Amino acid sequence: MRVLKNSLLELTLLSGLAAGLVSGSAMADLQKPSRPDGVNAQAINSSSVRVSWNQSWDNVGVEGYNIYRNNQYYLTVFSTNYIDYEVANNGHYEYAIVAFDAAKNYTILSDKAAVTVGDNNNQPAAAPTNNNQNLTKPSALRSTVKNGNEAIVYWTAPQGNVKGYNVYRDGGYLASTSNTEFNDTQLSWGQDHRYHIVAYSHSNTYSERSAELLVNTANTIRSADRIQSERAPLSDSPVQQSGGVPAGYHQVFADEFQQYSLDSNKWNSQYRWGPWLTINDEKQFYVNSINSPDFGHSPFEFDGENMTISAVRTPEHLQSSANWKPYLSGVLTTYNKFKMKYGYVEIRAKLPKGKGLWSAFWLLHNNEYNNRPEIDIVEYIGDKPNVAYNTYHYYENGNLKSSPTMEASGPDYSQEFHTYAIKWEPGLITWYVDGVERNTYQNGNASWEEMYLLVNLAVGGAWAGDPDGSTQLPARLTIDYIRAYQKN
């Protein structure tokens, strides 16, 4: 049912028209960004000060920040931290921040942050360098989001003679602590924040920095501890493993999602026709986190073992940026990154339950001619939690044709991870759930064209209907891995 009711050429033309209408009807931007908060000044040593603050939000987008030092304009920066090297030992400095947008709407001055250079109370324990081979780095970072502006970050203590930890947020020093957790109370709702931890010893030697942890305050669950899992590495050797991978096939694509950000060498975070055209009467805006990292929200979460696509209600301050769609969510495609013709393709995922939720893993034609096929490996309608749907679509003489929408009934698929796969051969498509054959389509019009991978979490739409009061948000599509194989 995830069929595109227009050709991609038509969608592209409509997308350009829609984008033109949006930009052509835009009124003058008269709204100021939000006043910067969370301003912090810390002496790094006797000749430098790190100044940091929380990102402001704006209806169009924040362009930069003016730093004021001792009540006078000092300089302009385009990030949320700055190291001031023009300070003197024992000097006292006060910093305040003004945010501005492209229309040159300026905020009022933020609250001031004061620091005395050389005052040990203002210094982090030390700069993070790796000069202690016996002190391993902190590990297993995780978090609990307490509310819209507060989160607790936890980690596992490393080996070695640890005295304390330096906490870094968004690339800048934040605080030092002797505990293996830190409560950050100055966050903004819906913003992504990245943490890493550096341990230091009683002799002031330092570990390597930890792996990065991504925290978003719109996501109110505690991230899981990292568990080392057994997974087949990406290789060109034949494989035979559980889950139904046929013998004599080799792996040609894989993402195990054990990193902490999207791999832009493998994925796009938008459809090939862009963000402004919404298909199937869906109600979400897909955030292009790869190309628009400063959007103000990312639907992609990582815990070192899995990647999660989350769907949330659109915050008020992001509605215009989200084309006035009521929900934010995410899509990934391999268009212009990876394509294939015939093979075995699988995803291991936990699918989200709830009225109005429509998650899918599918293949789409790489070229806008011939039969324009689409293979829906799995579609999941959130208020029908015991059914996975399998469908094949194609065009014949300009008319849309579809197989029956086939069902793979089973347990509540939202409760556990399951593997969903197809074996795609000339004239034959076979669907699997957890390695067990469930449905087939055999016909000479079965796709013989190159296709690429897509995975997404839609909200609303002609098939799923709109969310209601029973729908729990954020909703999460959690993916363990995506893999593709072809015959040797």
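Glu 301 and Arg 476 are both buried, where buried means under 20% relative accessible area, exposed over 50% and partly exposed in between, with a 1.4 Å probe and protein chains only. The model is a predicted one, in which local features need pLDDT of at least 70 and side-chain atom pairs count only at pLDDT 80 or more, while totals for chains, interfaces and linings use all residues. Residues are numbered from 1 along each chain as its sequence is written, and side-chain values use heavy atoms, with hydrogens and water left out.

The side chains of Glu 301 and Arg 476 meet in a salt bridge of 3.7 Å, N to O, a term that stands for a side-chain nitrogen of Lys or Arg within 4 Å of a carboxyl oxygen of Asp or Glu. Because Glu 301 lies in strand β18 (residues 300–302) and Arg 476 in strand β32, the pair ties together parts that are 175 residues apart in sequence. Helices (H or I, at least four residues) and strands (E, at least two) are DSSP runs, numbered from the N terminus. Glu 301 also has a polar contact of 3.3 Å with the side chain of Ser 310; such a contact is a pair of N or O atoms within 3.5 Å, and within protein one must be able to donate a hydrogen and the other to accept it, while residues adjacent in sequence count only if both atoms are side-chain atoms. Ser 310 lies in strand β19 (residues 307–313), and its relative accessibility of 0% makes it buried.

Side chains of opposite charge can pair when their charged atoms come close. The structure has 16 salt bridges by this rule, and another of them joins Asp 480 and Arg 348 at 2.7 Å, N to O. Asp 480 lies in strand β32 and Arg 348 in strand β22, so this pair ties together parts that are 132 residues apart in sequence. Asp 480 is buried, with a relative accessible area of 6%, whereas Arg 348 is partly exposed at 28%. Elsewhere, Asp 281, Lys 283 and Asp 466 are linked in a network of salt bridges.

A search of the whole structure finds 23 aromatic pairs, counted when rings of Phe, Tyr and Trp (its six-membered ring) have centres within 6.5 Å, with planes under 30 degrees apart called stacked, over 60 edge-to-face and the rest tilted. The rings of Trp 53 and Tyr 65 have centres 5.5 Å apart and planes at 65 degrees, so this pair is edge-to-face. Since Trp 53 lies in the loop between β2 (48–52) and β3 (62–69) and Tyr 65 lies in strand β3, the pair ties together parts that are twelve residues apart in sequence. Trp 53 is buried, with a relative accessible area of 4%, and Tyr 65 is buried with a value of 4%.

A cis peptide bond, with omega about 0 degrees, joins Leu 473 and Pro 474, and Pro 474 is in the loop between β31 (451–459) and β32 (475–487). Tyr 342, a residue other than glycine, has a positive phi near 70 degrees; Tyr 342 is in the loop between β21 (331–333) and β22 (343–350) and is partly exposed, at 22% relative accessible area.
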